[in-house]
Amino acid sequence: QLQLVESGGGLVQPGGSLRLSCASSGFSLDRYAIGWFRQAPGKEREALSSISKLAEMTNYVGSVKGRFTISRDNAKNTVYLQMNTLKPEDTDVYYCAAASVGGRYYYTPLRGSEYHFWGQGTQVTVSS
């Protein structure tokens, strides 16, 4: 079974940057669209961004468009989320997830229900 591991979270000051990584072990990621989500305790999960399985297409929600950039390196089985100009309201646990998309090469889902495999999450705290 595909397993995803997030890393790169931490404490950063407002206006700072972090790069999150989502890596798989043992399975190639190039069969999957990958999405990034975040969720705080007691809050609904929020989709942030997704990238098609061969990186032709990306998708962002409005709150992060222009600040976050998703990318992937299938040779390294890793997907990244570069987060710039971070705000205190970006404080959350960040998760990556993989969606089996078959022949839909350009598909970039943003609904959590379309994702089949999830990582354990990495904490991002934006505070001075």
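Tutor: A disulfide is a pair of cysteine sulfur atoms within 2.5 Å. Keep in mind that this is a predicted model.

Student: How many disulfides does the structure hold?
Tutor: It holds one disulfide. The bond joins Cys22 to Cys96, with 2.1 Å from S to S.

Student: Which parts does that pair tie together?
Tutor: Cys22 lies in strand β3 and Cys96 in strand β9 (residues 92-100), so the link ties together parts that are 74 residues apart in sequence.

Student: Is Cys22 buried or exposed? And Cys96, buried or exposed?
Tutor: Cys22 is buried, because its relative accessibility is 0% and buried means under 20%. Cys96 is also buried, at 0%.

Student: Back to β3. What is the bridge partner of Glu6 there?
Tutor: The partner of Glu6 is Cys22. Strands β1 and β3 (residues 18-24) pair in the antiparallel sense over four bridges.

Student: What is the strand order in that open sheet?
Tutor: The sheet has four strands in the order β1-β3-β8-β7, with antiparallel pairing. At the edges are β1 (4-7) and β7 (68-73), each of which pairs on one side only. On average, neighbouring strands are turned by 15° against each other, direction ignored.

Student: New topic, the surface. Which residues make the nonpolar patch?
Tutor: Leu54, Met57, Tyr105 and Tyr106 make a nonpolar surface patch of about 420 Å².

Student: Where does Met57 lie?
Tutor: Met57 is in the loop between β5 (46-51) and β6 (58-60). With a relative accessible area of 38%, Met57 is partly exposed.

Technical notes:
Residues are numbered from 1 along each chain as its sequence is written. This is a predicted model: local features need pLDDT of at least 70, side-chain atom pairs count only at pLDDT 80 or more; totals for chains, interfaces and linings use all residues. Side-chain values use heavy atoms; hydrogens and water are left out. Patches are made of residues with over 30% relative accessible area and no salt bridge: like charges are joined within 9 Å, nonpolar side chains (Val, Leu, Ile, Met, Phe, Trp, Tyr) within 5 Å. Accessible areas come from the Shrake-Rupley method with a 1.4 Å probe; for residues, only the protein chains shown count as cover. A salt bridge is a side-chain nitrogen of Lys or Arg within 4 Å of a carboxyl oxygen of Asp or Glu. Helices (H or I, at least four residues) and strands (E, at least two) are DSSP runs, numbered from the N terminus. Buried means under 20% relative accessible area, exposed over 50%, partly exposed in between (1.4 Å probe, protein chains only). Two strands pair if DSSP finds at least two bridges between them. Axes are lines fitted to C-alpha atoms, for helices over the stretch in contact, and angles run from 0 to 180 degrees between N-to-C directions.
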